[in-house]
Amino acid sequence: MSRRGSSRLTLLAGCLLLLVGCAQLPDSSAPQALGTLDRQATSSDPLPPIVGREPEALLQDFVQATADPANRHQAARQFLTPSAAVNWDDSASTTITEKPDTLRESRTDTTATYVVRTRKIGELEADGSYRVSEGTLEDKVKLVKVDGEWRIDDLPTGVLVERTAFNKSYQRHSLYFSNQAGTVMVPDLRWIAAPKDQLTQKLLGLITEGPQPALAPALRNVLSGPVTLRGPVSKANGDPDNVGVGAGGVLIDFSGVSTLDQRGRELLAAQVVLTLSGAEIFGPYLLFADGKPLDERYAVNGWTRQDVEALSPAALARNRLGLHAVRDGSLVRVTDNGIVPASGFFGTTRTLQSVALSPDGQVVAAVADSGRPDPEPGRTLIIGTYDGVGFPVATGGTITRPSWTSDGSSAWAVVDGERVVRAIHDRNSGNVSVQDIDVSEFTAPATNPSSTLTPRLPITELRISPTGVRAAVIAGGKVYLAVVAPRGDGRYALTSPLPIAPELSTPAVSLDWYTHNTEMDSILIVREGNVDPIVRVPIDGSGLQSVTAQNLTPPLRVVAASPDRQYVADARDVMELTTSAEGGERYWRVVPGLGANAIPVLPG
């Protein structure tokens, strides 16, 4: 061993002795989620097919086995004839489906043909990203007897995975990349099937490959280009085995870090620590650059989740202003002592329809009744300071509830259902300029006009994410997630709109961003109807969950959410989601003093 290598191990051993008693575990973690398709082993010895299995039962067993991608779906290939096992192309596609129906078409003593029919739910891309899908699949599968046992001899390319089996084998994980400004980390959801001792290396490998192509224009990947992993990842004591299992910490050495300034090093650490801690790969995280500490401040104790928490989406989304509301056309503040009108124009006017507060509470964007007679535009977008005056910046027949970016530099809204505008507020001069956003991908002709996944106008709600990289949109009553893509001329476009809740049977009415369990971004959606009127869906659309409607009175009108508080305006009042002290049951309770015509307002 070289003298340099010996010195490095001595340093690490000394660090570990100090870490044994003080390694900090993350306060919380994301609901276990996905990553990417992993062809490494998820089980050491897949179970062979059951002896004497009838063809229909064997076919059902095969569909369950396809959920294990280890060694090119070794578990599933056991159900194939030798020639089919060689020729089956499992890399062509991965489709997640409902439980398939198997219908016998023909059978003899030695051959059988079945039709497999099922409904598509989603597609898993090669990088592990999930895409909502729709439609039905119908394929023929032929079986033959081999040495007295039924085996599949002819089947379509690609992999069908039944949803329940998929959820048992795969987990959703958040990779983190920086926004372009370097002010916050942005989650990029992936689905991974990998054993825990291989997960650390898999997640780091995915980070080096970069974000999903649609997100790439809006993100910065510090672990790319000249910055690479240097040598194998190990536990904090240098042991390369079972990394990420238990509380042994993680040691990672990077090369090419000399190209980064101090902020770049902090962003690199945040990418790694937020990604690993979210996957319950516990620290401390010893991060090195060519054998030396990445940052001398953490040379002894290593990095913890708390050291990078300020760059997490949850920290940025935290509500620091409390609850406001629009009541009787005015902006009011909800305090412990009652309802207090906001100072300035917005607290005295009686014309407001909706309001958005900048995250620091200094600037207000509001939609007001213009007071003009038909056919003049009936709505006006107004920008102004919280305690000052407001200035009209746009008019239209309809204007959606505004939404601020996290830095408070611009408020976004949709005019007349199709024109998305960005009102840019100069804090120094107070001037406001209005810029149109390119929404051509929402208005382009549909490649499949009958598809329910294609966006359709009008756009009736738009909410910019706390990271500023995505926009949640209701278009034609359906929910989509788009990328806020910067253009070279200082303008923006909403690109790559993807459906995230196509299974909703009634039109969506309102939505807001919700960072669940401090880790994973999701969307709260309010919709028409009495059955499950409020739901939550992850940002990749990979699973709709109902939210309790206890004490809510439909129709629901507006939802407003932050990591620690969620509010809904229903038919009779503004309601807050809370948890009972007795058994942890969640329910909605009235916010006193607001009434049936009020709308909740949170920063953003």
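**Before selecting**

Residues are numbered from 1 along each chain as its sequence is written, and side-chain values use heavy atoms, with hydrogens and water left out. Because the model is predicted, local features need pLDDT of at least 70 and side-chain atom pairs count only at pLDDT 80 or more, whereas totals for chains, interfaces and linings use all residues.

**Confidence**

Colour the protein by pLDDT, the predictor's confidence in each residue, from 0 to 100. The mean is 90, and 91% of the residues reach 70 or more. Select residues 1-43: pLDDT stays under 50 there. For this segment the model has 126 contacts (heavy atoms within 4.5 Å) beyond four places in sequence.

**Domains**

Next, colour domain 1 (55-169), domain 2 (172-311) and domain 3 (316-601) separately; the bounds come from an automatic or database domain assignment. The centres of domain 1 and domain 3, taken over C-alpha atoms, are separated by 43 Å. Even so, 5 residues of domain 1 are in contact with 10 residues of domain 3.

**The largest nonpolar core**

Select Ile 252, Leu 268, Leu 287 and Trp 303, which have the most contacts inside the largest nonpolar core, a set of 45 residues. Such a core consists of buried Ala, Val, Leu, Ile, Met, Phe, Trp, Tyr and Cys residues joined through side-chain atoms within 4.5 Å. Buried means under 20% relative accessible area, exposed over 50%, and partly exposed in between (1.4 Å probe, protein chains only). Elements supplying at least two residues each include β8 (171-179), β12 (250-255), α7 (262-278) and β28 (478-486). Helices (H or I, at least four residues) and strands (E, at least two) are DSSP runs, numbered from the N terminus. Helix α7 gives the most to this core, with 8 residues. Domain 2 and domain 3 each contribute at least three residues.

Now centre on Leu 287. Beyond four places in sequence, its contacts include Ile 252, Phe 254, Val 272, Pro 293 and Trp 303.

**Helix α6**

Move to α6 (196-209), another contributor to that core. This helix has 14 residues and reaches 20 Å from its first C-alpha to its last, close to the 20 Å expected at 1.5 Å a residue; the expected span is 1.5 Å times one less than the number of residues. Which residues of α6 are buried? They are Leu 199, Thr 200, Lys 202, Leu 203, Leu 204, Leu 206 and Ile 207. Display β8, β9, β11 (228-229), β12 and α7 to see what is included in their cover. Just after the helix, Gly 210 takes a positive phi of about 95 degrees.

Finally, select β27 (residues 470-475), where 6 of 6 residues are buried. One side carries Arg 470, Ala 472 and Ile 474, and the other Ala 471, Val 473 and Ala 475.

Ile 464 stands opposite Ala 471. The hairpin has 5 residues between its strands, and Gly 468 in the turn has a positive phi of about 80 degrees.

Technical notes
Pairing = 2+ DSSP bridges.
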